[in-house]
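Colleague: I would like to learn how to read a structure of this kind. Please take me through it one feature at a time.

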Amino acid sequence: MNYVRLRNAVSVLNNELHRSMNIILFGPPGAGKGTQAEKLSSHFNIPHLSTGNIFRENIKNETALGKKVKSILDSGQLVPDETVVELVADELDKDAYKDGVVLDGFPRTVQQAEALDSYLEKKNDRVNAFVTLDVPEEELVNRILSRGEGRSDDTPAKVKTRLNVYREETEPVLNYYQEKGAVKAIDGVGSIDEIFDRIIASLY
Ligand code: ADP
């Protein structure tokens, strides 16, 4: 075997051995996805990608994307799939995500989940774990209304809209992954560290 062929074989083998870690954190608004995603991101040393944070950052900086999505976020409805899918694909293409990602707030519709699957398939990659945080609705509303982050969508009426949108458009994503068998359902009530320990235990 000449040198070039050997080098190609090594590179193929490296790709086979390279295991990235793609985790989806799922759950209704107020379930604590952002908090746990941050902790998972430091634990596994892979970046946290929050579509909600990216949109809020763009709105704050008054970018073209920010101007496009501001009224949608303010209303508590979802940004169109096309826009979100393009944003996430562009982000995941970056070298920073070569070892994987903790996704928070995406996928939020079945179409987004299908788009993510085909994106990962093309890269010979997959979703390793789909972690869903279970929190009773009453607690969700209390948490959101008392967190005081000053978000324009954290008012009682907007929270109601977001919960309805979650039930109608986002919850079907759970069934989608349940059929694939990757779902870890975690009790999302307790201290931040207790919940984190439950998530970690479910991943091993
Ligand atoms: P929460 O889970 O508390 O509702 P997020 O920060 O995840 O908050 O999302 C805030 C808002 O950003 C959503 O209500 C929606 O308008 C928009 N958004 C975030 N992620 C998506 C997504 N994947 N698809 C469509 N809209 C999204």
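Colleague: What should I know before starting?

Modeller: This is a predicted model, in which local features need pLDDT of at least 70 and side-chain atom pairs count only at pLDDT 80 or more, while totals for chains, interfaces and linings use all residues. Residues are numbered from 1 along each chain as its sequence is written.

Colleague: How do I read a sheet, and in what order do the strands lie here?

Modeller: Strands of a sheet pair through backbone hydrogen bonds, either parallel or antiparallel. Helices (H or I, at least four residues) and strands (E, at least two) are DSSP runs, numbered from the N terminus. Two strands pair if DSSP finds at least two bridges between them. Here 5 strands make an open sheet with parallel pairing, in the order 2-3-1-4-5. Strand 2 (48–50) and strand 5 (183–187) are at the edges with a single partner strand each, so one side of each has no neighbour in the sheet. From one strand to the next the twist averages 20°.

Colleague: How many bridges join strand 4 and strand 5?

Modeller: Strand 4 (residues 129–134) pairs with strand 5 in the parallel sense over 5 bridges. Aspartate 134 is opposite aspartate 187 in strand 5.

Colleague: Which strands does helix 2 lie across?

Modeller: Angles need axes, which are lines fitted to C-alpha atoms, for helices over the stretch in contact; the angles run from 0 to 180 degrees between N-to-C directions. Two residues are in contact if their C-beta atoms, placed from the backbone, lie within 7 Å. Helix 2 (residues 33–44) lies across strand 1 (21–26), strand 2, strand 3 (100–104) and strand 4, and runs at about 170° to strand 3. Helix 8 lies across strand 1, strand 4 and strand 5, at about 125° to strand 5.

Colleague: At what angle do helix 3 and helix 4 cross?

Modeller: Angles under 35 degrees count as roughly parallel, over 145 as roughly antiparallel, 65 to 115 as roughly perpendicular and the rest as oblique. The axes of helix 3 and helix 4 come within 8 Å and cross at roughly 115°. These two helices, helix 3 and helix 4, are therefore roughly perpendicular to each other. Phe55, Asn58 and Ile59 in helix 3 meet Leu65, Gly66, Val69, Lys70 and Leu73 in helix 4.

Colleague: And how does helix 7 lie to helix 8?

Modeller: The axes of helix 7 (residues 137–146) and helix 8 (residues 156–180) come within 11 Å, crossing at roughly 135°. That makes helix 7 oblique to helix 8. In their contact, Glu137, Val141, Ile144 and Leu145 of helix 7 meet Pro156, Val159 and Leu163 of helix 8.

Colleague: Which residues come nearest to the ligand?

Modeller: A residue is near a molecule or strand if its C-beta atom, placed from the backbone, lies within 6 Å of it. Of the 18 residues around the ligand, Pro29, Thr51, Gly52, Gly105 and Arg108 come nearest. Helix 3 (51–60) and helix 4 (64–75) each supply at least two residues of the shell. Helix 3 gives the most, with 3 residues.

Colleague: Where are the two backbone details?

Modeller: A cis peptide bond, with omega about -5°, joins phenylalanine 106 and proline 107. Proline 107 is in the loop between strand 3 and helix 6 (110–122). Glutamate 62 has a positive phi of about 50° although it is not a glycine. Its place is in the loop between helix 3 and helix 4.
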